[in-house]
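Welcome! Take a moment to look over the sequence and the structure below, and then we can walk through a few of its features together.

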Amino acid sequence: MASSSTSPVVPSRRGFLRGRVRDVKPARRPPWAVNELAFLDRCTRCDRCIDACPTGILVRMDGGFPGVDFTRGECTFCADCVTHCEPRALVRADAQALPWAIVAEIGASCLATTGVECRVCGETCPASAIRFRPQLGGVARPQLDATQCTGCGACIAPCPARAIAMQSTDNLPTERET
Ligand code: SF4
Ligand code: SF4
Ligand code: SF4
């Protein structure tokens, strides 16, 4: 069987920079990535961050550039990817620098919405950002505190309903009702 020779579909970095970026949903870059245009300019697609990641969540995405696949696991924020990125496409300015501006979002397919008790996400969240609120006459539903969520992704793969995804913090309501 003729194996599909890897067709040269790898778009050039220049191609990305010249407009393809507008057409492509931005990939979730590794933590501490510089802004997308600078990232595409600096990243040489050497795979060293991918090889360095101990949890295996970094994968080749469009054009061979690395991105995060949380269905494979979580980010421990070890920064090994940053250490191995020689062209400085990943830069951790200091110990306080945020790795990214994303938080988890629990969708409507959560089992609790159908009356099935499940607390897997709450049990796997290392930041205790997911609490369960009892419902009168129903099972407890998860509630995510976006101010506590680090975007580590630990809740995503274990969710049996695939109900959890990441969203940009830019999409969060600005309300702060406390
Ligand atoms: S910080 Fe560590 S766990 Fe997270 S993507 Fe980088 S190498 Fe992987
Ligand atoms: S793990 Fe998934 S299905 Fe279970 S409570 Fe959390 S969001 Fe709902
Ligand atoms: S992304 Fe990480 S910190 Fe945020 S809710 Fe999921 S497990 Fe908790």
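In which loop does Cys78 lie? Cys78 sits in the loop that runs between β2 (66-68) and α4 (80-84). Keep in mind as you read that this is a predicted model.

Is Cys78 buried, partly exposed or exposed? With a relative accessible area of 38%, Cys78 is partly exposed, because that value falls between the cut-offs of 20% and 50%. Cys78 can also be placed relative to Cys53: the two are 25 residues apart in sequence, and their C-alpha atoms are 8.5 Å apart in space.

**Around the ligands**

Both of these cysteines turn up again beside ligand 1. This ligand is surrounded by 13 residues, and the closest are Cys53, Cys75, Cys78, Ala79 and Cys81. By class, the shell of ligand 1 holds 10 nonpolar, 2 polar and 1 charged residues.

Now turn to ligand 3, which has 14 residues around it. Those that come nearest are Cys125, Cys149, Cys152, Gly153 and Cys155. The shell of ligand 3 is made up of 11 nonpolar and 3 polar residues, with no charged ones.

**Aromatic pairs**

How many aromatic pairs does a search of the whole structure find? The search finds 4. One of them joins Trp32 and Phe77: the ring centres are 6.4 Å apart and the planes meet at 80°, so this pair is edge-to-face. The pair links distant parts of the chain, since Trp32 is in the loop between α1 (13-23) and α2 (36-42), while Phe77 is in the loop between β2 and α4, 45 residues apart. Trp32 is buried, at 4% relative accessibility, whereas Phe77 is partly exposed, at 23%.

Another pair is formed by Phe39 and Phe65, and this one is tilted, with 6.5 Å from centre to centre and 55° between the planes. Here too, distant parts of the chain are linked: Phe39 belongs to helix α2 and Phe65 to the loop between β1 (58-60) and β2, 26 residues apart. Both partners are buried, Phe39 with a relative accessible area of 1% and Phe65 with 0%.

Here are the two pairs side by side.

| Pair | Centre distance | Plane angle | Arrangement |
|---|---|---|---|
| Trp32 and Phe77 | 6.4 Å | 80° | edge-to-face |
| Phe39 and Phe65 | 6.5 Å | 55° | tilted |

Which residues do ring pairs link into a cluster together with Trp32? The cluster consists of Trp32, Phe70, Phe77 and Trp100.

Notes: Residues are numbered from 1 along each chain as its sequence is written. Chains are lettered from A and ligands numbered from 1 in the order in which they are written. This is a predicted model: local features need pLDDT of at least 70, side-chain atom pairs count only at pLDDT 80 or more; totals for chains, interfaces and linings use all residues. Side-chain values use heavy atoms; hydrogens and water are left out. Helices (H or I, at least four residues) and strands (E, at least two) are DSSP runs, numbered from the N terminus. Buried means under 20% relative accessible area, exposed over 50%, partly exposed in between (1.4 Å probe, protein chains only). A residue is near a molecule or strand if one of its heavy atoms lies within 4 Å of it. Ala, Val, Leu, Ile, Met, Phe, Trp, Tyr, Cys and Pro count as nonpolar, Asp, Glu, Lys and Arg as charged, and the others, Gly among them, as polar. Rings of Phe, Tyr and Trp (its six-membered ring) pair if their centres lie within 6.5 Å; planes under 30 degrees apart count as stacked, over 60 as edge-to-face and the rest as tilted.
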